[in-house]
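This report walks through one structure, element by element. The sequence and the model are shown first.

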Amino acid sequence: MPNIKSAEKRVKIIEKKTAENKSTKSRLATYIKKFKSAVANKDIALAQESYNEVASLLDRTASDNVIHQNSANRKKAHFAKMLDELKNQAK
């Protein structure tokens with residue numbers, strides 16, 4: 001337990017930020033699952049819509065430093081490749 005008043009405040013701030021980051025990561029995981037299930041079900045329209053949501057959320061979480069920018073870019077590229085493969089299979 002911190003003895004200094006500023007250290008006590010930092011503990012409270014860290015707990016609050018940790019909760020926010022956990023919530024954001026959980027929401028991101030939900031959107032990713034939605035996208036992957038759309039790809040698995042071969043629903044191109046839903047997959048495209050889900051990809052747009054996931055890409056936007058990845059950009060926002062990276063800009064807020066919840067995840068690293070390179071990680072967000074890597075995931076977006078991976079999901080875009082999945083979407084392209086799904087579109088090519090439909091042709």
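Is Lys81 buried or exposed? Lys81 is exposed, because its relative accessible area is 55% and over 50% counts as exposed. The residue is placed in helix α3. From Lys81 to Ile14 the C-alpha distance is 37 Å, and 67 residues separate the two in sequence. The model described here is a predicted one.

## Helices and the loops between them

Helix α1 covers residues 5-40 and helix α2 covers residues 44-63. Helix α3 covers residues 69-90.

Lys42 is located in the loop between α1 and α2. Although Lys42 is not a glycine, its phi is positive, at about 60 degrees. Lys42 is exposed, with a relative accessibility of 58%.

The loop between α2 and α3 holds Asn65. Asn65 is likewise a residue other than glycine with a positive phi, near 60 degrees. With 65% relative accessibility, Asn65 counts as exposed.

## α2 against α3

How do the axes of α2 and α3 cross, and within what distance do they come? They come within 9 Å and cross at roughly 170 degrees. Since angles over 145 degrees count as roughly antiparallel, α2 and α3 are therefore roughly antiparallel to each other. On the α2 side, the contact is made by Ile44, Ala47, Gln48, Tyr51, Val54, Ala55, Leu58, Asp59 and Ala62. On the α3 side, the contributors are Gln69, Ala72, Lys75, Lys76, Phe79, Ala80, Leu83, Leu86, Lys87 and Ala90. Sorted by class, the residues of this contact are 13 nonpolar, two polar and four charged.

## α1 against α3

The axes of α1 and α3 come within 10 Å, with a crossing angle of roughly 20 degrees. Angles under 35 degrees count as roughly parallel, so α1 and α3 are roughly parallel to each other. Their crossing is left-handed. From α1, the residues Ile32, Phe35, Lys36 and Val39 take part in the contact. They meet Phe79, Met82, Leu83 and Leu86 of α3. This contact of α1 with α3 has seven nonpolar residues, one charged residue and no polar ones.

Lys36 is partly exposed, with a relative accessible area of 41%. Leaving aside residues up to four places away in sequence, Lys36 touches Phe79 and Met82. Lys36 and Met82 are 46 residues apart in sequence, while their C-alpha atoms are 8.8 Å apart in space.

## Salt bridges

How many salt bridges does a search of the whole structure find? The search finds two.

| Lysine | Partner | Closest N and O atoms |
|---|---|---|
| Lys34 | Glu53 | 3.6 Å |
| Lys76 | Asp59 | 2.7 Å |

In the pair of Lys34 and Glu53, the closest N and O atoms are 3.6 Å apart. Lys34 lies in helix α1 and Glu53 in helix α2, so this pair ties together parts that are 19 residues apart in sequence. Lys34 is partly exposed, with a relative accessible area of 35%. Glu53 also counts as partly exposed, at 26% relative accessibility.

In the pair of Lys76 and Asp59, the closest N and O atoms are 2.7 Å apart. Lys76 belongs to helix α3 and Asp59 to helix α2, so the pair ties together parts that are 17 residues apart in sequence. Lys76 counts as buried, because its relative accessibility is 19% and the limit for buried is under 20%. Asp59 is partly exposed, at 33%. Both residues are also listed in the contact between α2 and α3.

## A buried threonine

Which residues does Thr61 touch, not counting residues up to four places away in sequence? They are Thr24, Leu28, Val66 and Ile67. Thr61 lies in helix α2. At 1% relative accessibility, Thr61 counts as buried.

Note on methods. Residues numbered from 1 in each chain as written. Predicted model: local features only at pLDDT ≥ 70, side-chain atom pairs only at ≥ 80, totals over all residues. Heavy atoms only, no water. Helix = DSSP H or I, 4+ residues; strand = E, 2+ residues; numbered from the N terminus. Buried < 20%, exposed > 50% of the residue type's maximum accessible area, 1.4 Å probe, protein only. Salt bridge = Lys/Arg side-chain N within 4 Å of Asp/Glu carboxyl O. Axes fitted to C-alpha atoms, helices over the stretch in contact; angles between N-to-C directions. Parallel < 35°, antiparallel > 145°, perpendicular 65-115°, else oblique. Left-handed = near helix turned anticlockwise from the far one by under 90°. Contact = heavy atoms within 4.5 Å. Nonpolar A, V, L, I, M, F, W, Y, C, P; charged D, E, K, R; others polar.
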